[in-house]
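Biologist: Can you put the model on screen and take me through it? I'll ask as we go.

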Amino acid sequence: MDLQAIRTFCRAVEAGNLTAAAKALHITKSVASRRIQSLEDGLGVKLLARNTKGVTPTDEGALFYERGIRILDDVEDAAQAVKHTSDNLVGTLRFTAPRSFADLKLGSPLMAFARQHPGLKLEMSLTDERVDIIGGGFDLGLRIAPELSDTSLIARNICDIRHHVVASPAYLEAHGTPKTPEDLKDHNCVFYSNVEAAKQWRFGTGSDARAVRVTGQVTSNSGLMQLAAAIEGVAIATLPDFFLEDAVRDGKVVKLFEDVPRAPSFLYALYPERRLLPLKVRLFIDFMADWFADPENHCEV
């Protein structure tokens, strides 16, 4: 089976059209079309459905894409094994990460890793939505969660993520300062729409853990928008610490209930279970763990 044809097909699925796939592979659209047609003829199935907007995989195509990506990864791994040096990574590292965290915290480490490995391409998909790492053909994903329920993936804890309840001095002056978490029921709070049970704010740990139900005017899937609601005195917010560094330092918001412990979330690196972890994945995860272990780069405020 022609590896170039498989690579062209996978790129077409990812790009959603043949023109973009051909451009990425530095071939003409007609060559890309012939490669995919040859692949379909050899398999005896239709892999792509073509329409005016581009191409989408058929059911058989989606299945073949999942396997095809793994084949291409194995070929890259074999090439890397022959080169047997961590200083000369080749191929492509495809990963997904939360957009908000990436925008605020990943720029420097990602570019430092890219400078260390100029022969390695980094393809990142940044979204705060939950992503199917295996189905999406990713080498790994970075995910923030208090715990993991997906047992089909291997996880490594990169760093702790602490959450804080914050409000602006103007809000507290106008509406009073809640003395306990239970007092939040009398205040306007802002919610994160991507998380189920977002109106249940959890405090305490172990046997002292409890959930406080809060209400409010604003709901958003953007942590930065929630922070804006707090800074502007509209509502009280609960946010991961990586959002809060500048706002706390500048006095735009203050932390509440810091004497009440809260269970942390964690930044995990997740990757499919494989007989041999690709060198590019292992080195990337090691680099991220070392980066955030440095006190100057730590996730916490």
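Biologist: Which strands does helix H9 lie across?
Modeller: This is a predicted model. In it, helix H9, residues 279-293, lies across S3, S4, S5, S6 and S14. The helix runs at about 20° to S6.

Biologist: And in what order do the strands of that sheet come?
Modeller: The order is S4-S3-S5-S14-S6, in an open sheet of five strands with mixed pairing.

Biologist: Which ones are the edge strands?
Modeller: Strand S4 (120-126) and strand S6 (153-161), each of which pairs on one side only. From one strand to the next, the twist averages 20°.

Biologist: S3 and S4, parallel or antiparallel?
Modeller: Parallel, over seven bridges, with S3 covering residues 91-97.

Biologist: What stands opposite Ala-97?
Modeller: Leu-126 in S4.

Biologist: Where does His-26 lie?
Modeller: In the loop between helix H2 (18-25) and helix H3 (29-43).

Biologist: Is His-26 buried or exposed?
Modeller: Exposed, because its relative accessible area is 72% and the cut-off for exposed is over 50%.

Biologist: What about Phe-257, where is that?
Modeller: Phe-257 is in the loop between strand S13 (254-256) and S14. Its phi is also positive, near 60°.

Biologist: Buried or exposed, that Phe-257?
Modeller: Phe-257 is buried, because its relative accessible area is 8% and buried means under 20%.

How values were computed: Residues are numbered from 1 along each chain as its sequence is written. This is a predicted model: local features need pLDDT of at least 70, side-chain atom pairs count only at pLDDT 80 or more; totals for chains, interfaces and linings use all residues. Side-chain values use heavy atoms; hydrogens and water are left out. Two strands pair if DSSP finds at least two bridges between them. Helices (H or I, at least four residues) and strands (E, at least two) are DSSP runs, numbered from the N terminus. Axes are lines fitted to C-alpha atoms, for helices over the stretch in contact, and angles run from 0 to 180 degrees between N-to-C directions. Contact means heavy atoms within 4.5 Å. Buried means under 20% relative accessible area, exposed over 50%, partly exposed in between (1.4 Å probe, protein chains only).
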